[in-house]
Amino acid sequence: MSHAEPQSFISKYIFSFDHKVIGIQYMITAIVMALFGGGLALMIRTQLQHPEMGLFAPEAYLSYVTMHGTIMVFFVVSMAISGFGNFLIPLQIGARDMAYPFLNMLSYWTMVPACLIMIASFFVPGGAAAAGWTMYPPLSAVEQTVPGSGIGTTLWILGMALFIASFTMGGLNFLTTILNCRTKGLTMWRLPLATWGFLVATVLGLLAFPPLTSAAIMLLFDRHVDTSFFVTDMVINDQLLNLGDGTPLLFQHLFWFLGHPEVYVLVIPPLLMTMDIIPVFTRRPAFGYRQSIWALGVISFLSMIVWGHHMFVTGMNPYIGKYFSIATVIITAPFAVLGVNLLASLWRARLRPAVPMLFALAVISAVGFGGFGGLFLGTMVSDIYFHETYFVVGHFHLMIGTVTLLGIFAAWYFWFPKMFGKKMDENLGRWHFWLTALPMIAIFLLMHLQGMGGMVRRTFDPGTYEYNAGMNMALRFPITIMAYVLFIGQMIFFWNIVRSLKRGEPAGENPWDAATLEWITPSPAPHGNFGAALPVVSCGPYEYSVGEDGFGYLPQSGGGEVAVHSPASAEEREETGGTDSGETGA
Amino acid sequence: MEKRKPPRIIIALVAFFAIFTILSVIGFAVPWRSEVASEEGQGIDAVITYLLFATGALVIVGHAILIRFLLKGRDDQTTAYVRPPAKVEWMWGVIPVIVMMLLAEAGVLVVGSATWDKLYAETPTNPVVLEVVGKQFEWLIRYPGKDNTYGAYDFKWVNGADNPMGIDEDDDAAMDDIISRGTMYLPRGRTAQIRLRTHDVIHSFFVPDFRVKQDVIPGFPTEIRFTPTVNGVYELVCTELCGLGHYKMRGTVHVVDPEDYEAWLNKRPTFGGED
Amino acid sequence: MNGITAEQQSACNRTLLAALVATVVMLFTGFAAAYLERSTSGATWERIKLPPLVLVNTAILVASSLALEWARRHDGRGNKLGIALGFAFVIGQTAAFFQLRAAGVFVSSNAHASFFYLLTGLHAAHVVGGLIALLAAVRKPRLMQFARTFWHFMGGIWIYVLAVLTVL
Amino acid sequence: MFRYFLMLLLLTFAVACGGSDKPAPKTSGGDSAAVDEDDEDDTGISVRQTYSADKGTAGVKGTIKFEGKARRRPIDMGSEKYCENCYGEDGPPKSESVVVGENGELANVFVHITSGLKNWKFQKGTGEVHIDQIKCMYVPHVTGVQVGQTLKIANSDSVMHNIHASDKSGDDWFNQGQPNKGDVFTREVGGSDAGFYTMKCDVHGWMAAYICVVKNPFFAVSGTDGAFSLDKLPAGTYTVEAWHEKYGKKTQQVTVKDGETAEISFTFSK
């Protein structure tokens, strides 16, 4: 049996060893940080909309841009994924907890100070780091080049160090747990896709973060010990600074060697959680389970050898550039396989349009729109034009913003019953869906268009350039408006959580008639997850539409006997299909 | 069972996907980019256009399938569901790979390659040679002058008002150099071969109308080449975040007839010239 | 304590160690790549003379690994020696740092010096971690195999670091 | 798993030995022109009476000359339409770094007293010192500030300027953007700020101003006629220093009695 159930509030909810509690802690922290990141986004949009208002100084604007990126990438999406990973992995593989519960707790409590440091860095002289979330030296290394490169950047590096530490601890836990703690009969080929996603993402992260660590250390030395890894002599204020003769490009290589796998670390788990959710609401087996996993393998391998496509215009050797381009666009192939499998999972479906499914479907569309944008940036020639324009901004927001967040929302609505034993409210959920999916996709598609117009990112006042006059400037307005709509839409989400926690309808063990292991335990899952005996797995995770007339499904631990779910009755159908939130949103 | 229309939420979703697909197709069909004004730019535009058609088709097809599946997927249908055999799944694992390989690599190798080589691999014939220095937050342009050789420069001589590029006052080769702050003149039809340096951080040389872009890296001189084809005044943009004045780092490129270009050079004061 | 069987637990430990080793390898690979790029990027690059003490330390480290191996074959007798040698290595490295400093070579003197301090310092930090693990293993023999493996791995990394600093 | 300790360890190490491991000076050595009477006060002068304007009846005045040909290049404001449009047909002004009159009078030279005041104590200066950014130029070009005064730098252009001041060793005093017309930067000048600073607008590289922060009230900037005068001096022997942004500093000894005004003159050359 598992470690004794803790009694005191502290050991139960604060310094808890229980993976479920830790997972929820991660998610809540991610939500709090998301409010910061989103607030920064609104400030950025407002400034871009009304540069003449003089809301704040350019250096402050740069800090907001930088911290928005850092917070959203590392402290919202990464953290939400850690949250779901912690919550789901043991449940889905039939384990009582992570392999190293203490390490797990440690990793969360390393993340918290990281968040605090990042937020604190706004309030030091010179303000928060202002060199962009990519932190290219010399801008990030030499204090005189931009005010934010003072203490702010030191704190940024410290925060990232703690983040990497925490991520590595969590990652080691994910890896060891998935590989070694699966319950009897649960072979790798019977693993739910969500768990596969966490596994692949973890391996990627563990391999990709160390080079970033090395880059951060060297940057730190350049800043504080006067080494010259990255910095070169320069003239500031007509005064010569003898900083040595480093190679700034070195940092970019190290950074993007992390940076590119990192975006897959962000996008793969939500995508695969989506693929995990869809079969439940189509009542059909996931299409191409093995193909998806092979595709994942290829993607993760390729992602480690294509970092150079972020550096096409740095004057790299043209033949190397060509190689990076060729390798990069190959990635679209395995991604296309994932896309096709997502679509094909809907083939002849028995659709149940519950809120998680709505988000999942939106993910499919977003992957379509976002994925193909990558071709324009991966092809070296077109990237010459699009590099550092809003096309890039639109593209990566669509992929690691929209896709990930929609996927995470889908997962939240789907597993909320298992977390708290209550179902989320359907109507509020739909309002939230429309107020999230619509603006999120629209905003970033419009940014693609601005990029087509050559609008340059990270500009304090795009009006400086005459070529922006016209559509580039006009497009700012709908984007800004929808950004606000998006932000307000999330309030519905929070209200929904509060309301559902108070008086949501009790969920029961298996509200969605799903087949994977987490649904055989009570909701919320008890300490130790599975009662006296661990389940024994007898089949794959998506055995739906079996039995005569195909209304049955095989729970993974059902020992092969068919469980039957009834199709939604006519009046239910009217109820689920009938609420008008749909039309009002569309 | 009688044909029942799908639940309204599904119809709403279908409308959502359909509208977004149509709008984005229209949106990307609009010519957002200004008239291309350089030879290399035409090559770059060709790639962009190719990719727009290729990906556009895929987005439309994908969403069409998505919509069809949504409309047909009834939650009460009793039609027996035959699980697709493994080889069908494998087939659909291979087809997209082949399609994407062909589409994507064609963009890189067939459509793009020539332009890439022209920009980076080949050496231009009879180019206009000039030097551009990026500094926070200005573009400084230097022409080698009559003797066609640059005067020596060193950071220690840099003085924003008198000698922004830090050119050696005692170097004879420097005397006929022509320095311009943010304003660049180029003759139409001749390839401009521009040496790029920076005084401080990373900048990036970008002229939207030419489509060309090149980072300027400290301690790592880079070069950019392009051939303007249309007279006009174009904007020179810094596209790499370079500090609080990044958005102000703007220059202008005037493309004029060769004789006007000579005329402009002649009336510019030289570095050595008495005011 | 997490409801898994003993053999699962030791399997987990093996995986943990392997993953750990992988990340450390990636870390030092990152630095090696940086070193390569920096030394060939055309910027000025002169080498410093490594303090002779480094060779002695290498011998000490190898000896400690051998001692641990010997201890494995002779049910634990000799572990203490190996650990002592480990501490000797750390002290020796510190001494080497001071030798270098006395010779007027500082972290910021030139790129090669920076890399020397950085790589050896980084390695030393990992070695300290390895020593902590070994000390823990003395009290929990169950952990000894993992601590020992990591220690040998540290020896390997040390050779790797020296190779980078001298050959590349 | 030891990596996290390691990162922090390295961090502390890095911060700890920052600078200490630094053999060569990080920035190009310039003459550090900071003035500080306190240095001399350490040499055991017991009596220090507090200075007030009525106690000083002597003075030093004179002119600054320049020998040799001075080159004043016309400023090229091509990078900013707004700035170019501020000036009419005859185009933007010429560089202000070496301004020489027809008889060789040198303007924009900062003159002050570097020693000889050891038995005087001075209250902190009062009032405000204004520098204006107008028509993309700094007015005035050279400014003297006494410790205790308030420095106010205003942007009167409807274009973004940033004020970036740093001392001779290249370390920043302040660096701030002023995107809007009417933005004003205010700084109480404290004792630790004493020294000579170069202030530039990075957006308009030709804009340069020099701020000289000193501790006593005896300083002046030579006008276009090259003339300067230090008034209300108590009698005594002083070292007068004249500093020019391009040609460095020159010093002279001068002795003045109550009620008299001594004449001195400096001559700069390339």
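Colleague: Which domains does the assignment give for chain B?
Modeller: Domain 1 covers 8–121 and domain 2 covers 128–267; the bounds come from an automatic or database domain assignment. This is a predicted model, in which local features need pLDDT of at least 70, side-chain atom pairs count only at pLDDT 80 or more, and totals for chains, interfaces and linings use all residues. Residues are numbered from 1 along each chain as its sequence is written, while chains are lettered from A and ligands numbered from 1 in the order in which they are written.

Colleague: What separates the centres of the two domains of chain B?
Modeller: 40 Å, taken over C-alpha atoms.

Colleague: And how many residues are in contact between them?
Modeller: 11 residues of domain 1 of chain B are in contact with 14 of domain 2 of chain B. Contact requires C-beta atoms, placed from the backbone, to lie within 7 Å.

Colleague: Which helix gives the most to the domain 1 side?
Modeller: Helix 2 of chain B, residues 39–72, with five residues. Helices (H or I, at least four residues) and strands (E, at least two) are DSSP runs, numbered from the N terminus.

Colleague: Now the contact of chain B with chain A. How many residues does it take from each?
Modeller: 92 from chain B and 97 from chain A. On the chain B side, helix 3 gives the most, with 18 residues. That side divides into 47 nonpolar, 26 polar and 19 charged residues. Ala, Val, Leu, Ile, Met, Phe, Trp, Tyr, Cys and Pro count as nonpolar, Asp, Glu, Lys and Arg as charged, and the others, Gly among them, as polar.

Colleague: Over to chain A. Why is strand 2 largely enclosed?
Modeller: Six of the seven residues of strand 2 of chain A (residues 239–245) are buried, so the rest of the structure largely encloses it. Buried means 20 or more other C-beta atoms within 10 Å of the residue's own, with C-beta atoms placed from the backbone; exposed means 12 or fewer, and partly exposed is in between.

Colleague: What does strand 2 of chain A pair with?
Modeller: Strand 1 of chain A (residues 232–236), in the antiparallel sense over four bridges. Two strands pair if DSSP finds at least two bridges between them. A:L241 is the bridge partner of A:M234.

Colleague: Last one, chain D. In what order do the four strands of the open sheet run?
Modeller: 6-5-8-11, with mixed pairing. Strand 6 (137–139) and strand 11 (184–188) of chain D stand at the edges with a single partner strand each, so one side of each has no neighbour in the sheet.

How values were computed: Contact = placed C-beta atoms within 7 Å.
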